[in-house]
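Hi,

Here is the structure I promised to pass on to you. Have a look at it, and then read on for what turned up.

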Amino acid sequence: MRVLLVEDEAPLAGYIAAGLRKHGFAVDTAGDGRTALDKAELTPYDVVVLDRDLPVLHGDAVCRRLAERGTARILMLTAADAVEDRVDGLTLGADDYLGKPFAFSELVARVRALSRRHGPARPPILRAADVTLDPARRTVERGGR
């Protein structure tokens, strides 16, 4: 399973990444929201572990964009852990939410659970003029036929 860890506190990011690697995950890290989106465009991740309060581009904006793409499950891992924060994060498109401080074993269990639910990404439906190509269904329509 491939994981992108987005955390701006370098010591914490190092600790989490090392721990996830010990549990068999391939982990890339990003220290800010812009870098996270750039990496997510280049590499297909099964799970993105995302902090909310990030430099350059806020974690909420990153979550929204990743959720629109629908290519990875998102676990928000953040100090903002009030009920309203959790509801906001899930509303933005996160699949799960874990507040800091956290038990590492719970983080691993949640990442595993999310990675099990993640199936292969559905290829996009392509449209040009009145032609529609659906690669997943292997169909082509022109003018609705």
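Let me start with Arg112: leaving aside residues up to four places away in sequence, Arg112 touches His23 and Phe25. Please keep in mind that this is a predicted model. Arg112 belongs to helix H5, which covers residues 104-117. Is Arg112 buried, exposed or partly exposed? Its relative accessibility is 35%, so Arg112 counts as partly exposed. From Arg112 to Leu66 there are 46 residues in sequence and 19 Å in space, C-alpha to C-alpha.

The structure has one cavity of 30 Å³ or more, and the largest cavity holds about 40 Å³ of space. Leu66 is part of its lining, together with Ala40, Thr43, Pro44, Tyr45, Val48, Arg69, Thr71 and Ala72. By type, six residues of that lining are nonpolar, two are polar and one is charged.

Now for the packing. The largest nonpolar core counts 21 residues, and Val6, Val48 and Leu50 have the most contacts inside it. Two or more residues of this core come from each of strand E1 (2-6), helix H2 (33-42), strand E3 (47-50), helix H3 (59-69) and strand E4 (73-78). H3 gives the most, with four residues. There is also a second, separate core of 18 residues, with Leu20, Val47, Leu75 and Val111 among them.

Back to Val6 for a moment: not counting residues up to four places away in sequence, Val6 touches Ala30, Asp32, Ala36, Val48, Val49, Leu50, Asp51 and Leu54.

Enjoy exploring!

Best wishes

Conventions. Residues numbered from 1 in each chain as written. Predicted model: local features only at pLDDT ≥ 70, side-chain atom pairs only at ≥ 80, totals over all residues. Heavy atoms only, no water. 1 Å grid on protein atoms, 1.4 Å probe; cavity = no way out; pocket = protein on both sides within 12 Å on 5 of 7 lines; lining within 4 Å. Points joined across faces, edges and corners; volume = space filled by probe spheres on them. Nonpolar A, V, L, I, M, F, W, Y, C, P; charged D, E, K, R; others polar. Buried < 20%, exposed > 50% of the residue type's maximum accessible area, 1.4 Å probe, protein only. Contact = heavy atoms within 4.5 Å. Core = buried A, V, L, I, M, F, W, Y, C linked by side-chain atoms within 4.5 Å.
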